[in-house]
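Please view the structure first, and then read on.

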Amino acid sequence: MIYDGQALKVTKEADGVATLTLDLAGDSVNKFNSLTLNELAEAVDSLKQEPDVKGLIINSAKDVFVVGADITEFVNWFKLSDEELSDKLRDAHQIFSDISNLPFPTVAAINGIALGGGMELCLACDYRVMAQKAKIGLPETQLGIYPGWGGTVRLPRLIGVDNACEWICGGAQKRSEDALKDGAVDAVVPVEKVVTSARHLIQHVIDGKLDVMARREELRAPMVFSPIEKMMVFESVRGVVGAKAGKHYPAPMAAIKTMEKNVSQTIEKACETEIKGFVKVAKTPVAKSLVNLFLNDQYVKKAAGTFSKGADPVKQAAVLGAGIMGGGVAYQSASKGTPIIMKDIRSEALDLGLSEANKLFGKQVERGRLTNEKSMKALNSIVPALSYGEFEGVDLVVEAVVENVNVKKSVLAETENHIRDDAVLASNTSTISITELSKALKRPENFCGMHFFNPVHRMPLVEVIRGEKSSDEAVAKTVAYAQAMGKTPIVVNDCPGFLVNRVLFPYFAGFSLMMKEGADFQKIDKVMERFGWPMGPAYLIDVVGIDTAYHADQVMADGFPDRMTHDGKNAIDKLFEVERFGQKNEKGFYRYEQDRKGKPKKIYDPEITTLLAETVDAAGTNGELSDEDIIARMMIPLCIETVRCVEEGIVSSPAEADMGLIYGIGFPPYLGGALHYLDQMGLKAFCDLADKYSHLGKLYQPTARMREMADNNETYFQ
Ligand code: NAD
């Protein structure tokens with residue numbers, strides 16, 4: 001034994017080949033925490049002193065290779081001064097550089113996932129052998145930073161500038177065949193052969209068949225470009241990456257800037273360039289938001305795991321309604337392996353639901369993600385039904401019929417008579433109180449909400465709503481089913497709109513108020529899209545459906561009459577009245593036409609101005625609103641309502657609240673969520689801003705607790 005630590009050990013065989021095995025004690029994965037980094041430094045020192053080493057294999061005793069840096073520790077790195085952070089990075093660089101300078105060949109035997117620092121460790125080795133099913137990648141830009149342990153230096157030298165920019169700026173986890181094609185790894189083999197193949201490579205070096213030192217020199221040298229060539233390469237990637245990342249996400253462009261400088265430098269200088277740029281990018285508010293978001297995501301997944309612990313898995317599901325949502329639920333369940341009965345009262349609805357599912361499976365086959373055989377099997381696991389014939393075998397039923405209390409109550413009560421006593425009923429209602437719906441049931445304890453978002457196959461969030469009488473078991477089974485469907489469930493308490501719609505409708509109210517003053521909805525959409533929303537509010541309401549928004553607005557007004565009612569007819573009321581229901585009937589705020597791919601394309605409709613004119617308040621501002629005004633008037637009600645949901649215990653943590661908004665309505669991720677946004681702005685500054693709009697009503701008035709927190713300089717996150 002050359003080195004024996006808590007995170008890794010190094011052994012040497014009689015033939016002189018040493019093996020460094022990563023195996024972090026007490027953890028299911030290997031990650032670069034300070035213990036691993038310290039031990040890696042000590043192990044490399046021991047290897048430097050060890051006589052007669054002929055080669056080194058770096059492998060892992062776990063299913064993963066290394067998942068990356070330990071983000072929980074990393075957060076503290078970002079709080080260091082520039083000098084301290086640079087020193088920390090320099091220490092890590094030193095270890096990786098020592099590995100790359102060891103006087104014998106080094107091979108990474110990548111058995112499983114190798115990300116971030118894990119991949120940078122592999123890059124410091126002379127060769128990389130990768131298991132067929134492993135994945136490698138540098139996902140740092142998704143956290144608002146870029147690779148900081150040599151990734152921007154070694155990857156372009158290994159696979160070329162174009163490829164390296166694509167790997168680093170895209171941040172994707174690459175499959176073995178792509179890694180081999182791009183030259184990031186030297187061989188791809190079945191997982192059980194990774195170590196033997198690594199040994200063969202070392203033997204080739206020992207036998208003189210491979211000149212490892214020449215390869216090292218080549219990869220260490222500055223890359224050679226003519227000035228025009230260099231400019232052309234970087235200009236073109238800058239164009240592509242800049243357009244894709246957008247102005248709110250500076251890390252990919254910062255990575256390109258760093259690579260543009262460091263590819264022509266000596267390896268030592270290049271590492272310094274990387275460190276300098278990294279320190280800058282790590283200190284941006286975006287990096288803080290995205291790292292916080294990553295931690296919140298982990299928190300939310302862990303919380304869901306706690307809820308579903310011990311729950312009986314759903315082996316057979318059913319969905320009532322084969323409409324937009326019911327069809328989506330059936331597809332998602334079947335595609336993730338839970339067979340599902342799809343019941344409707346109209347056979348045309350069943351045909352449509354099945355043909356939509358068929359289309360989605362077809363796309364998966366086209367993209368090579370599913371074989372024909374598997375797609376047929378999954379499609380066949382959706383069983384259409386017009387009666388309750390097979391419901392005795394069902395473990396959980398999702399109700400997704402029309403949004404009407406009376407219809408829902410009668411359908412739920414009827415269903416309860418056809419399912420087992422232990423089966424769970426879950427409603428996909430967007431707004432109606434779960435406690436209210438449960439009044440129609442004999443077993444209200446077996447009932448809760450399971451609120452999916454549209455389109456079901458794309459939107460990651462599922463709100464699981466606990467009614468007054470919902471049992472822990474019913475909630476647990478529903479959470480477990482959402483997880484089995486590949487979704488991120490968040491458990492919330494019952495109230496009109498639950499978490500997401502309760503927060504979304506005050507945001508829409510902000511929009512309606514500006515419309516009443518004669519504002520231009522196209523301008524509002526543009527401003528909010530530039531601010532980072534995937535679509536502006538008018539467009540979003542069109543997608544949700546004007547009718548849906550209209551009905552939901554009434555539910556919200558009944559639930560929160562102190563702040564969610566409005567006087568007179570607003571724009572949504574008017575469009576509802578003239579049956580402009582949005583995208584679904586091709587007319588809402590915008591008009592919709594199909595593009596060449598058959599997707600709805602929005603177009604300005606001149607008729608709208610006359611239509612909306614009668615909803616404009618004569619005392620309005622005639623639409624003279626600055627961009628800052630628009631942002632403030634949209635964001636303030638949304639943020640305050642999110643706070644109310646936390647203060648009232650509708651959602652149990654700021655992390656769940658923020659992730660709910662990001663996963664449910666596409667809240668701009670670079671802001672980290674509504675509460676993180678408040679933290680970054682500072683509650684005092686936010687309350688001051690809100691006070692300027694306080695005349696607009698209670699939606700614009702911060703809660704007493706917010707003011708108290710502002711006075712005490714408190715934050716929602718650390
Ligand atoms: P939809 O109109 O597309 O589909 C409703 C389906 O229910 C229809 O096919 C109808 O035939 C069927 N149905 C009616 N009575 C039935 C019964 N007794 N038994 C079985 N089927 C019956 O509606 P949708 O948009 O899919 O919405 C369904 C539910 O999901 C609503 O509660 C809605 O609020 C909620 N929801 C909708 C969205 C969305 O964006 N559309 C998002 C989240 C939640």
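## Charged side chains and their pairings

K574 is buried, because its relative accessible area is 6%, under the 20% limit. The model in which this value was computed is a predicted one. K574 forms a salt bridge with E614, and the closest N and O atoms of the two lie 3.0 Å apart. This pair links distant parts of the chain, since K574 belongs to helix 24 (residues 571–577) while E614 sits in the loop between helix 25 (607–613) and helix 26 (627–647), 40 residues apart. E614, with 53% relative accessibility, counts as exposed because its value is over 50%.

A search of the whole structure finds 46 salt bridges, among them the bridge between D126 and R216, whose closest N and O atoms are 2.8 Å apart. Here too distant parts of the chain are linked, with D126 in the loop between helix 4 (117–124) and strand 7 (127–131) and R216 in helix 9 (residues 212–220), 90 residues apart. D126 counts as buried at 6% relative accessibility, and R216 likewise counts as buried at 9%.

The side chains of E260 and R238 meet in a salt bridge with an N to O distance of 3.0 Å. E260 lies in helix 11 (residues 251–262) and R238 in helix 10 (residues 227–245), so that this pair links distant parts of the chain, 22 residues apart. E260 is partly exposed with a relative accessible area of 22%, and R238 is partly exposed with a relative accessible area of 22%.

| Salt bridge | N to O distance |
|---|---|
| D126 and R216 | 2.8 Å |
| E260 and R238 | 3.0 Å |
| K574 and E614 | 3.0 Å |

Beyond these pairs, a network of salt bridges links R502, D562, R563, E641, R644, E648 and K698.

Which residues gather in a patch of positive charge on the surface? The patch is formed by K363, R367, R369, R458, R596, K597 and K599. Of these, R369 lies in the loop between helix 15 (347–366) and helix 16 (372–380), and R369 counts as exposed because its relative accessibility of 57% is over 50%.

As for the overall layout, the protein chain is divided into domain 1 (3–283), domain 2 (314–495) and domain 3 (501–649 + 651–711). The centres of domain 1 and domain 3, taken over C-alpha atoms, are separated by 45 Å.

Technical notes. Residues numbered from 1 in each chain as written. Predicted model: local features only at pLDDT ≥ 70, side-chain atom pairs only at ≥ 80, totals over all residues. Heavy atoms only, no water. Domains from an automatic or database assignment. Patch = residues over 30% accessible without salt bridge, like charges linked within 9 Å, V, L, I, M, F, W, Y side chains within 5 Å. Areas by Shrake-Rupley, 256 points an atom, 1.4 Å probe, with all protein chains shown as cover. Salt bridge = Lys/Arg side-chain N within 4 Å of Asp/Glu carboxyl O. Lys, Arg positive; Asp, Glu negative; His and termini not counted. Charge placed at Lys NZ, Arg CZ, Asp CG, Glu CD. Helix = DSSP H or I, 4+ residues; strand = E, 2+ residues; numbered from the N terminus. Buried < 20%, exposed > 50% of the residue type's maximum accessible area, 1.4 Å probe, protein only.
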